[in-house]
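Subject: Structure handover

Hello,

Here is the structure we talked about handing over. Please have it open while you read the notes under it.

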Amino acid sequence: MAHGTLLEQPGGLGPRRGLRGTLRRYALLPLRAFLGITFVHAGLDKLTDSAFLSATGPGSLGELLDAVHATAGAPFLVDLAQHSPVGFGYALALGELLVGLATLLGFRARVAAAGGALISLVLWLTVSWPTTPYYYGNDLAYLLAWLPLALAGAEHFSADEALRQRRRRGRDIGLGLGD
């Protein structure tokens, strides 16, 4: 039978005390803050840009989709978006906004991070695919940045942790009553 967390177990990652333990516990907070703020900003930027949320014209999503179709790594994704560029633009903007807010709040953090990774993957396979060298394109880096959050979730300063503690207190109260 295992006792304690992985950090407290023999052969685990080490004790949860001291500077090293503190740094380890909070290591993903800067990444979570950066990705959350960036995606909130990106979503709001798209939602407030009337040119972007147009099917045609300079600066429109429709024009961008036309420009990247021939060079996209997954042109079928561009085809899907071209059926309704305005609808896709709103879906993208709202998705970025919701992913960013959920990430900042730490609410359903793994699901939010998976959503952020999916958005980044789609953007990488479409818009930034032809960027050479590949490391100049930011969408691949965002995709990889979301993965640790998708794997680890938001353990500290998060709605998820508050909900876990609330459930734990409920079980403790229930066990104390002889259930």
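The notes below go through pockets, salt bridges, backbone and surface in turn.

One point before the details: this is a predicted model.

I looked at the second largest pocket. Its volume is about 320 Å³. The lining counts 19 residues, and those closest to the pocket centre are Phe-88, Leu-92, Val-122, Leu-123 and Thr-126. Helix α6 gives the largest share, with five residues. By class, the lining of the second largest pocket holds 16 nonpolar residues, two polar ones and one charged one.

Cavity

How many cavities of 30 Å³ or more are there? The count is one. The largest cavity holds about 30 Å³ of space. Its lining is made up of Arg-32, Thr-103, Ala-109, Ala-113, Trp-146, Leu-149 and Ala-154. Helices α6 and α7 (138–152) are the elements that give two or more residues to that lining. Five of the lining residues are nonpolar, one is polar and one is charged.

Salt bridges

The count is two.

- Glu-96 and Lys-46 form a salt bridge through their side chains, at 3.0 Å from N to O. This pair ties together distant parts of the chain: Glu-96 sits in helix α5, Lys-46 in helix α2 (residues 29–47), and they are 50 residues apart. Both Glu-96 and Lys-46 are buried.
- Arg-164 pairs with Glu-161, and their closest N and O atoms are 3.0 Å apart. Both belong to helix α8 (residues 159–176); they are three residues apart there, so about one helical turn separates them. Arg-164 has a relative accessible area of 28%, so Arg-164 counts as partly exposed. Glu-161 has 17% relative accessibility, so Glu-161 counts as buried. The cut-off for buried is under 20%.

Backbone

Most residues other than glycine have a negative phi, and most peptide bonds are trans. The following spots depart from that.

- Where is the cis peptide bond? It joins Thr-132 and Pro-133, with omega at about -10°. Pro-133 is in the loop between α6 and α7.
- Arg-108 is not glycine, yet its phi is positive, near 50°. Arg-108 is placed in the loop between α5 and α6.
- Phe-157 also has a positive phi, near 50°, and is a residue other than glycine. Phe-157 lies in the loop between α7 and α8. Is Phe-157 buried or exposed? Its relative accessible area is 62%, so Phe-157 is exposed. The cut-off for exposed is over 50%.

Surface

One nonpolar patch on the surface is made of Ile-37, Leu-101 and Leu-104. Together these residues have about 250 Å² of accessible area. Leu-104 belongs to helix α5 (residues 85–105). Its relative accessibility is 35%, so Leu-104 counts as partly exposed.

Best wishes

Conventions
Residues numbered from 1 in each chain as written. Predicted model: local features only at pLDDT ≥ 70, side-chain atom pairs only at ≥ 80, totals over all residues. Heavy atoms only, no water. Patch = residues over 30% accessible without salt bridge, like charges linked within 9 Å, V, L, I, M, F, W, Y side chains within 5 Å. Areas by Shrake-Rupley, 256 points an atom, 1.4 Å probe, with all protein chains shown as cover. Salt bridge = Lys/Arg side-chain N within 4 Å of Asp/Glu carboxyl O. Helix = DSSP H or I, 4+ residues; strand = E, 2+ residues; numbered from the N terminus. Buried < 20%, exposed > 50% of the residue type's maximum accessible area, 1.4 Å probe, protein only. 1 Å grid on protein atoms, 1.4 Å probe; cavity = no way out; pocket = protein on both sides within 12 Å on 5 of 7 lines; lining within 4 Å. Points joined across faces, edges and corners; volume = space filled by probe spheres on them. Nonpolar A, V, L, I, M, F, W, Y, C, P; charged D, E, K, R; others polar.
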